[in-house]
Amino acid sequence: NAAELVQYLRAYETENRRSIPPGHAQSTMGWLGDDEDLGHHGFLVGDRQIGGNGQRVEYVGDTSSDFKEGGTLDGWKAAVKRLDPWPAMRVALCACLAPPLVGIVGAPNTIVEFVGETSGGKSVALRTGATCWRSAKAKLPRWNATANGLEARAQVLNDLPLIVDDTADVPESKRRDLLGQAVYMLESGHTRTRSSKTLQQAPAKQWRTMVLSSGEYSLADYVGTGGAAARVLSFWGAPLGAASANTGTTIAEVMVDLGKHFGHAGPLFVKWLCENRGRWDEFSNKYRGMVSKLRGLLDSRVAMRLAETIALLQLTSELAEEALDMGWKDRELLCDRYVEAAIERALQEAQVASNKAREAWEYVVSVAESRRSQ
């Protein structure tokens with residue numbers, strides 16, 4: 001009955017064409033524009049369209065339910081304020097608020113990760129950052145997925161944070177292949193070249209994001225190229241410091257509050273960016289100035305590439321304070337002792353991870369030292 005069905009649908013459309021308003025839909029979120037006018041139709045987050053020129057665009061997908069609001073912004077800010085003693089939480093918040101700025105300032109896709117032993121608060125940091133957009137009760141995506149699955153998620157969450165928890169969740173035999181491939185793919189910001197059903201070259205899908213990850217070992221350990229490793233900014237150690245009863249009680253109470261108040265900060269930050277469209281060039285110039293200043297203080301190519309990530313986190317912190325009144329005005333992110341020390345170590349680790357020739361030679365020397373008699 002295919003022919004009859006087609007005839008019916010055509011007659012239906014002809015009869016009702018004038019009374020059915022045209023609409024627009026897409027299967028990816030983020031800025032609804034192009035390189036010349038990034039926010040022409042605003043910004044899409046879940047079922048919500050922020051800003052734009054009045055043309056309605058609807059999201060068609062199965063993850064819109066993740067992006068909901070609960071409670072109030074003030075309730076969320078009060079909960080987050082209790083996390084001030086742990087600067088890593090502020091890093092996570094800035095990393096989750098940063099993706100809408102990537103396209104505005106021309107920053108590259110980057111990965112921020114918390115690395116250390118289990119039960120140190122890494123997942124708490126990720127869940128805290130996620131509440132900028134959704135509930136703390138929502139389950140975090142895990143690294144134990146296929147590369148295609150991660151690629152599809154990155155496409156959908158364009159201009160939004162891609163949060164993936166626990167590299168140890170991947171079977172050890174698959175870690176190097178899966179994680180190395182995933183890091184390179186997510187950092188590149190586009191799909192591989194593929195053919196269509198008609199054997200023509202299919203258009204590549206692209207995305208802008210900042211990935212927030214956690215694990216007992218750094219993702220840079222699994223990356224096969226030095227260039228991609230230079231896009232991974234690793235914060236080593238327990239985000240919550242040494243375990244204590246007081247810390248555990250405070251975090252438990254905060255997570256309960258964040259389960260009630262969530263999903264406001266991200267959309268409101270985007271709304272503020274839309275309302276300040278005339279300042280985007282100012283933000284871009286400020287970002288480039290920060291990158292240049294940081295590069296002047298660094299002495300390696302790897303560190304210079306990570307300067308782009310550090311500058312984006314700093315700019316996000318400053319703009320979030322202006323947009324949301326976070327209480328960070330007199331507490332510059334890069335001046336915090338924990339953040340400063342963490343970044344210094346991250347730069348050192350990235351330098352080592354990116355030097356594959358040195359790593360290979362160290363293996364040779366290690367084997368020679370262990371077999372002196374041979």
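This is a predicted model: local features need pLDDT of at least 70, side-chain atom pairs count only at pLDDT 80 or more; totals for chains, interfaces and linings use all residues.
View 1. A handy thing to remember while you look along a helix: an α-helix has 3.6 residues a turn, so residues three or four places apart point the same way.

**View 2. Here are the strands of an open sheet.** Four strands line up in the order E7-E10-E6-E11, and their pairing is parallel. Strand E7 (162-164) and strand E11 (232-236) take the edges, where each has a single partner strand, so one side of each has no neighbour in the sheet. From one strand to the next, the twist averages 15 degrees. Helix H5 (residues 122-130) packs on this sheet and touches strand E6 (110-115), E7 and E10. Compare directions and you'll find that H5 makes about 155 degrees with E10. If you're wondering what links neighbouring strands, strands of a sheet pair through backbone hydrogen bonds, either parallel or antiparallel.

**View 3. Now zoom in on strand E10 and its partners.** E10 runs over residues 210-215 and pairs with E7 in the parallel sense over 3 bridges. On that side, Ile163 has Leu212 as its bridge partner, while Val164 stands opposite Ser213. E10 also runs parallel to E6, and 6 bridges join the two. Leu212 turns up again here, as the bridge partner of Val112. How many of the residues of E10 are buried? The count is 6 of 6, so the strand is mostly covered. Met210, Leu212 and Ser214 point one way, and Val211, Ser213 and Gly215 point the other way.

View 4. Glu308 belongs to helix H12, which covers residues 301-324. Is Glu308 buried or exposed? Its relative accessible area is 15%, and the cut-off for buried is under 20%, so Glu308 counts as buried. Its side chain makes a polar contact of 3.2 Å with the side chain of Arg295. Skip the neighbours within four places in sequence, and Glu308 is in contact with Pro108, Arg231, Tyr287, Val291 and Arg295.

**View 5. Last stop: a look at cysteines.** A disulfide is a covalent bond between the sulfur atoms of two cysteines. How many disulfides are there here? The count comes to 0. For Cys96, the nearest cysteine sulfur is that of Cys132, 5.6 Å away, and Cys96 is in no disulfide. Cys96 is buried, with a relative accessible area of 0%. Cys274 is in no disulfide either, and for Cys274 the nearest cysteine sulfur, again that of Cys132, is 17 Å away. Cys274 is partly exposed, at a relative accessible area of 23%.

Conventions: Residues are numbered from 1 along each chain as its sequence is written. Side-chain values use heavy atoms; hydrogens and water are left out. Buried means under 20% relative accessible area, exposed over 50%, partly exposed in between (1.4 Å probe, protein chains only). A polar contact is a pair of N or O atoms within 3.5 Å; within protein, one must be able to donate a hydrogen and the other to accept it, and residues adjacent in sequence count only if both atoms are side-chain atoms. Contact means heavy atoms within 4.5 Å. A disulfide is a pair of cysteine sulfur atoms within 2.5 Å. Two strands pair if DSSP finds at least two bridges between them. Axes are lines fitted to C-alpha atoms, for helices over the stretch in contact, and angles run from 0 to 180 degrees between N-to-C directions.
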